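Here is a short note for a colleague who is opening this entry for the first time. Please keep the sequence and the model in view while reading.

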Amino acid sequence: MKMKCPVCGKLFDAENNQWMPFCSKNCKIIDLWNWVHEKYSIKVEEIDEEININEEDKDDKIDSLWRNRKNGQ
Ligand SMILES: [Zn+2]
């Protein structure tokens, strides 16, 4: 099944895509960032630092932010 990525507009194969509903990890992060900027514009710099502290923890951090986003809506 082909889906259109809401971030970049690219058509991608929805099967075997762990970054649904986005085409890639990058677009998921971009969308997350857009949301973070809207919701926490004051704290963006803090979050930025937090995410950049440890590359290995980055995925976990993104995932937890992502979960927060879902819960918050
Ligand atoms: Zn995309």
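1. Terms first. A loop is named below by the elements on either side, as with Asn 16, placed in the loop between β2 and α1.

2. Overall layout. This is a predicted model. The protein has three helices and two strands. Their order along the sequence is β-β-α-α-α. Of the 73 residues, 7% are buried. Among contacts with a separation of 6 or more, 19% join residues 24 or more positions apart.

3. Confidence. The mean pLDDT of the protein is 78. A value of 70 or more is reached by 71% of the residues. Which element has the lowest mean pLDDT, and which the highest? Helix α2 (residues 44–53) has the lowest, at 56. Strand β2 has the highest, at 94. Where pLDDT is low, the predicted coordinates should not be read in detail. Please keep that in mind when looking at helix α2, with its mean of 56.

4. Lys 10. This residue sits in the loop between β1 (2–4) and β2. Is Lys 10 buried or exposed? Lys 10 counts as exposed because it has 12 C-beta neighbours inside 10 Å, and the cut-off for exposed is 12 or fewer. Leaving aside neighbours within four places in sequence, Lys 10 is in contact with Cys 5 and Cys 23. Phe 22 is 12 residues away from Lys 10 in sequence, and their C-alpha atoms are 9.1 Å apart.

5. Asn 16. Look at the backbone here. Asn 16 is not a glycine, yet its phi is positive, about 60 degrees. Most residues other than glycine have a negative phi. Asn 16 has 6 other C-beta atoms within 10 Å, so it is exposed.

6. Met 20 to Pro 21. What is the form of the peptide bond from Met 20 to Pro 21? That bond is cis, with omega near 0 degrees. Most peptide bonds are trans. Pro 21 lies in the loop between β2 (11–13) and α1.

7. Ser 24. The loop between β2 and α1 also holds Ser 24. Ser 24 is partly exposed because 16 other C-beta atoms lie within 10 Å. Cys 8 is 16 residues from Ser 24 in sequence. In space the two are 9.7 Å apart, C-alpha to C-alpha.

8. Ile 29. Move on to helix α1 (residues 25–39), where Ile 29 is placed. Ile 29 has 18 C-beta neighbours inside 10 Å and therefore counts as partly exposed. Asp 63 is 34 residues from Ile 29 along the chain, with 9.6 Å between their C-alpha atoms.

9. Ile 62. Helix α3 (residues 58–72) contains Ile 62. Which residues does Ile 62 contact, leaving aside its neighbours within four places in sequence? They are Ile 29 and Leu 32. Ile 62 and Ile 29 are 33 residues apart in sequence, but 7.4 Å apart in space, C-alpha to C-alpha. Ile 62 is partly exposed because it has 16 other C-beta atoms within 10 Å.

10. Where to look again. Then view the contact of Ile 62 with Ile 29.

How values were computed
Residues are numbered from 1 along each chain as its sequence is written. This is a predicted model: local features need pLDDT of at least 70, side-chain atom pairs count only at pLDDT 80 or more; totals for chains, interfaces and linings use all residues. Helices (H or I, at least four residues) and strands (E, at least two) are DSSP runs, numbered from the N terminus. A residue is buried if 20 or more other C-beta atoms lie within 10 Å of its own, exposed if 12 or fewer, and partly exposed in between; C-beta atoms are placed from the backbone. Two residues are in contact if their C-beta atoms, placed from the backbone, lie within 7 Å. pLDDT is the predictor's confidence in each residue, from 0 to 100.
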